[in-house]
Amino acid sequence: MVKTAKHEKTLSQAIRERRATPSFDGTPIPPEDLHRIIEAGLSAPSGYNMQPWRFIVVQSHEQKKRLRAASYNQGKVEEASAVIVACGDADGWRKDLEPVLAQGLEGGMPEGFAAQARNSVPNYLSHFSTEEMRGWLNKNVMIAFTHMMLMAEVMGYDTAPMEGFEQEKVREVLLLPLSYWVVALLAVGRLKGPDKFDGGRFDMHRTVFAEEFGKTLK
Ligand SMILES: Cc1cc2nc3c(=O)[nH]c(=O)nc-3n(C[C@H](O)[C@H](O)[C@H](O)COP(=O)(O)O)c2cc1C
């Protein structure tokens, strides 16, 4: 059931109850809800505030069908109300740095900070290998992706994150520029049928350490 703003889940509830949705019923998402989910993603933090994410929102039946074919025929790509294809733009910083600094200066960024960023951002990013750039894009884009996923869950929607797609095929379907790197797909909609089982999570002792590797967090 889609909850109205009055009956939104708390973030804790959304985190607890979220499952990677196996199947969607395809009902359209009202544009204002979709915009709110997307805005949550755009509010995410990013390195130097460069916001290197780019999102292609796929809702038309024909385009979802093509995207499904580029995603190992995963049915939920076609069933979801919307599939948000999360990409990173490896060249975005070149044109975005000045607008980022202008926005920052408007919001109170000190002049000295902007002057330093004008040097350090190109120094940092222009030396990246392709692999390093993809790593940087992946980490930034996935933060925005997660903001969207959890906002959708808070609003009562169901979501499915997906890495099962073919990079080149998705690029072709979406007519992406060469500098774009497809990071992940986020299907959003309403659950159809039974939800996925809860796969469980490792206990903290297995994956979390205190102060240094191997020491248990008390
Ligand atoms: C980055 C990422 C990629 C994923 N890709 C797929 C996918 O392509 N197809 C799929 O069915 N599930 C995919 N999943 C869902 C995971 O299998 C699922 O999150 C995991 O089994 C834990 O289940 P839960 O999310 O329901 O707790 C992906 C999850 C993440 C975070």
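# Helix packing and the ligand site

In this model, which is a predicted one, I would like to begin with a helix pair, where W93, L97, E98, L101 and L105 in α5 meet E111, A114, A117, R118, V121, P122 and L125 in α6. If we sort the residues of this contact of α5 with α6 by class, they divide into nine nonpolar, no polar and three charged. Helix α5 covers residues 92-106 and helix α6 covers residues 111-125, and their axes, which come within 10 Å, cross at roughly 160°. The two helices, α5 and α6, are therefore roughly antiparallel to each other, and the crossing they make is right-handed.

Let me step back to the whole protein for a moment. Its secondary structure comes to nine helices and four strands, and if you follow the elements from the N terminus on, they run α-α-β-α-α-β-α-α-α-β-α-β-α. Taken along the principal axes, the box that the C-alpha atoms fill is roughly 55 × 50 × 35 Å.

I now turn to another pair, helix α2, which is residues 31-42, and helix α7, which is residues 130-154; their axes come within 7 Å and cross at roughly 145°. As α2 passes α7, the crossing is right-handed. On the α2 side the contact is made by R36, I37, I38, A40 and G41, and on the α7 side by A144, H147, M148, M151 and A152. By class, the residues of this contact of α2 with α7 divide into seven nonpolar, two polar and one charged.

The next pair is helix α3, residues 61-69, with helix α8, residues 167-174, and these pack at an angle of about 165° with their axes 9 Å apart. That angle makes α3 roughly antiparallel to α8, and here, too, I can give the hand of the crossing of α3 and α8, which is right-handed. As for the residues involved, Q63, R66, L67 and A69 in α3 meet K169, V170, V173 and L174 in α8, and the contact of α3 with α8 has five nonpolar, one polar and two charged residues.

Which residues surround the ligand? They are R18, R19, A20, Q74, K76, P161, M162, E163, G164, K196 and R201. For some of these residues, I can also give distances between particular kinds of atoms. A backbone N or O atom of P161 lies 3.2 Å from a nitrogen atom of the ligand, while a polar backbone atom of G164 is 2.8 Å from an oxygen atom of the ligand. R201, by contrast, takes part through its side chain, with a polar side-chain atom that lies 2.9 Å from an oxygen atom of the ligand.

To close, I return to the helix pair I began with, where α5 and α6 cross at roughly 160° and the residues in contact include W93 in α5 and P122 in α6.

Key: Residues are numbered from 1 along each chain as its sequence is written. This is a predicted model: local features need pLDDT of at least 70, side-chain atom pairs count only at pLDDT 80 or more; totals for chains, interfaces and linings use all residues. Side-chain values use heavy atoms; hydrogens and water are left out. Axes are lines fitted to C-alpha atoms, for helices over the stretch in contact, and angles run from 0 to 180 degrees between N-to-C directions. Angles under 35 degrees count as roughly parallel, over 145 as roughly antiparallel, 65 to 115 as roughly perpendicular and the rest as oblique. A crossing is left-handed if the near helix is turned anticlockwise from the far one by less than a right angle, and right-handed if clockwise. Contact means heavy atoms within 4.5 Å. Ala, Val, Leu, Ile, Met, Phe, Trp, Tyr, Cys and Pro count as nonpolar, Asp, Glu, Lys and Arg as charged, and the others, Gly among them, as polar. A residue is near a molecule or strand if one of its heavy atoms lies within 4 Å of it. A polar contact is a pair of N or O atoms within 3.5 Å; within protein, one must be able to donate a hydrogen and the other to accept it, and residues adjacent in sequence count only if both atoms are side-chain atoms.
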